[in-house]
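Hello,

Here is the structure I promised to pass on. Please open it alongside this note; my findings follow below.

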Amino acid sequence: MNYDIIGDIHGQYGKLIGLLNNLGYTEVNGVWLHSTHKVIFVGDLIDNQHIESGISHIKTVKLVKAMVEAGSALCILGNHEFNAIAWMMPNPENKAIFLREHNDNNYNQHKNFLAEVGENSAHHQEIIEWFKTLPLWLELPEGIRVIHAAWIEEYQAVLKPYMTENNCLTDELVIKASRKDSPEYVALEALCKGLEIELPEGHGFKDKHGARRTGIRICWWKNLTKSTYKEVALVPEDAKDSIPDLPIEQLNLKAKGYTGVSVFFGHYWFSGQPEPVANNIACVDYSAGKSGNTPLVAYRWEGESVLTKAGFRFVV
Ligand SMILES: [Mn+2]
């Protein structure tokens, strides 16, 4: 089987239709199909803080769900789907509150989705039940792996005992992973949001909002025990100069670098020309969630063991 791995949609239904057309999918009886390819969605179907034409959470979820149910797509769970599940699930220790706190920040991230589906409506519940059927990662017999942010086997092993045999969440895992700083919380954060480390004392950089930050997202696929902060930093281009070229001091990380079969992931809001980050690693999130003509990106994988720039497909 050949696969088109599609990045984070964040409700950008118009961009999704454009990409499916570009990839040669056609709509038959309400389901988008291709005779020789299947889609893999990397999660984060929902949550967009803008309201504009082209964005529809309902239509996006409906389209993806129909493809998954018809067997023309696979879809994994992103951090926004996990958050949506935890937003709706009462905390078993205090049923008056929810596993994901209903504070302003969390609400603002999620409010456009809630408004569209109608919070606590039957439709809302139906979507959340479907999110619970999405696996946290895929390992396909053809030889590719897909996860929302970072493939780190040591963290996957932490969650495994609480997952179904299809790599889906159980209610027990949602509860455990919602407890800040539990091992399951740390593992799920790493897999679905990536790795972050603190820079050495006195170092920092300005993020895209101009705020000073002292923690950096890092390339989880590199050997972190033999690298410098600068070599592994995933920061905006103009912040690179602020990252010190000093050996990483923090060695309590579980990531030891990645050398397996090809892994595809999303999540990182990359910009620029899509290209693999290593021969066997590719990110397909190039910020489609933003307004304007940021592209929804796919990688068309047809069995190759070395990923190439030419494998990326997108519409601008
Ligand atoms: Mn994400």
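Which residues are the protein donors of the manganese ion? In this predicted model, they are Asp44 (OD), Asn79 (OD1), His148 (NE2) and His267 (ND1). Along the chain, the donors of the manganese ion follow the spacing D-x34-N-x68-H-x118-H. Asn79 sits in helix 3 (residues 79-88), and His267 in the loop between strand 14 (262-265) and strand 15 (281-283), so this pair ties together parts 188 residues apart in sequence. Asn79 counts as buried, with 9% relative accessibility. His267 is buried too, at 5%.

Now look at Asp8. This residue is in the loop between strand 1 (2-6) and helix 1 (13-22). Asp8 is buried but has no salt bridge. Arg217 is the nearest side chain of opposite charge, 8.8 Å away. The Asp8 side chain does reach the backbone nitrogen of His267, at 3.0 Å.

Then the overall picture. The protein chain has 9 helices and 17 strands. Its radius of gyration is 19 Å, close to the 20 Å that the globule rule gives for 316 residues, so the chain is as compact as a globular protein of that length. The C-alpha trace spans about 55 × 50 × 40 Å along its principal axes. Buried residues make up 51% of the chain. Of the contacts between residues at least 6 apart in sequence, 65% join residues at least 24 apart.

Best wishes

Conventions
Residues are numbered from 1 along each chain as its sequence is written. This is a predicted model: local features need pLDDT of at least 70, side-chain atom pairs count only at pLDDT 80 or more; totals for chains, interfaces and linings use all residues. Side-chain values use heavy atoms; hydrogens and water are left out. Helices (H or I, at least four residues) and strands (E, at least two) are DSSP runs, numbered from the N terminus. Buried means under 20% relative accessible area, exposed over 50%, partly exposed in between (1.4 Å probe, protein chains only). Lys and Arg count as positive and Asp and Glu as negative; His and the chain ends are not counted. A salt bridge is a side-chain nitrogen of Lys or Arg within 4 Å of a carboxyl oxygen of Asp or Glu. A polar contact is a pair of N or O atoms within 3.5 Å; within protein, one must be able to donate a hydrogen and the other to accept it, and residues adjacent in sequence count only if both atoms are side-chain atoms. Donors are N, O and S atoms within 2.8 Å of the metal (3.2 Å for Na, K and Ca); water is not among the atoms, so sites may look incomplete. The radius of gyration is taken over C-alpha atoms; the globule rule is 2.2 Å times the number of residues to the power 0.38. Contact means heavy atoms within 4.5 Å.
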